[in-house]
Amino acid sequence: MTLMRVCAELVGTVAEVLVEEGEAVRVGAPLVVLESMKMEIPVLAPVAGTVASVVVGVGDLVQAEDPLVVLQRISP
């Protein structure tokens, strides 16, 4: 079992959380939408896997490198 933290790339506010714990996601699936400087920035799954935990909620202020979601990577 390999866990991967998906982190914010910039400072922003969580506008939407698009996944739930236990949900299967594909590479490139949108996980969270951040709002920064009046722009919406989707955060995409870098790997296929299952959502192990959602660390943030709507309205949370995040800094660059803050974890947003933890994925359990599907072994190849």
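A: In this predicted model, four strands form an open sheet in the order E1-E8-E6-E3, and their pairing is antiparallel.

Q: Which strands stand at the edges of that sheet?

A: Strand E1, residues 2-7, and E3 stand at the edges, and each has a single partner strand, so one side of each is left without a neighbour in the sheet.

Q: And what holds strands of a sheet together in general?

A: Strands of a sheet pair through backbone hydrogen bonds, in either a parallel or an antiparallel sense.

Q: How many bridges are there between E6 and E8?

A: Strand E6, which covers residues 49-54, pairs with E8 over five bridges in the antiparallel sense. Within this part of the sheet, Val51 stands opposite Leu71 in E8.

Q: Okay, stepping back, how many helices and strands does the chain have?

A: The secondary structure comes to zero helices and eight strands, so that the order of elements from the N terminus on reads β-β-β-β-β-β-β-β.

Q: How does its radius of gyration sit against the globule rule?

A: The radius of gyration is 12 Å, close to the 11 Å that the globule rule gives for 76 residues, so the chain is as compact as a globular protein of that length. Along its principal axes, the C-alpha trace spans about 40 × 15 × 15 Å.

Q: What share of the residues is buried?

A: Buried residues make up 32% of the 76 residues in the chain. The accessible surface comes to about 4700 Å², and 54% of that surface belongs to carbon and sulfur atoms.

Q: Which residues of the largest nonpolar core touch the most other members?

A: That core has 18 residues, and those touching the most other members are Val25, Leu31, Val32, Leu34, Leu68 and Leu71. The elements that give two or more residues to this core are E4 and strand E8, which spans residues 67-73.

Q: Let's stay with Leu34, what does it touch?

A: Not counting residues up to four places away in sequence, Leu34 touches a list of residues that includes Leu10, Val14, Ile41, Val62 and Leu68.

Q: What about Ser36, buried or exposed?

A: Ser36, which is found in strand E4, has a relative accessible area of 14%, and it counts as buried because that value is under 20%. Leaving aside its neighbours within four places in sequence, Ser36 is in contact with Leu10, Val11, Gly12 and Ile41.

Q: What is phi for Met37, and for Lys38?

A: Phi of Met37 is near 55 degrees, a positive value in a residue other than glycine, and phi of Lys38 is near 65 degrees, again a positive value in a residue other than glycine. Met37 is exposed, with a relative accessible area of 78%, and Lys38 is exposed, with a relative accessible area of 84%.

Conventions
Residues numbered from 1 in each chain as written. Predicted model: local features only at pLDDT ≥ 70, side-chain atom pairs only at ≥ 80, totals over all residues. Heavy atoms only, no water. Buried < 20%, exposed > 50% of the residue type's maximum accessible area, 1.4 Å probe, protein only. Core = buried A, V, L, I, M, F, W, Y, C linked by side-chain atoms within 4.5 Å. Contact = heavy atoms within 4.5 Å. Pairing = 2+ DSSP bridges. Rg over C-alpha atoms; globule rule 2.2 N^0.38 Å. Areas by Shrake-Rupley, 256 points an atom, 1.4 Å probe, with all protein chains shown as cover.
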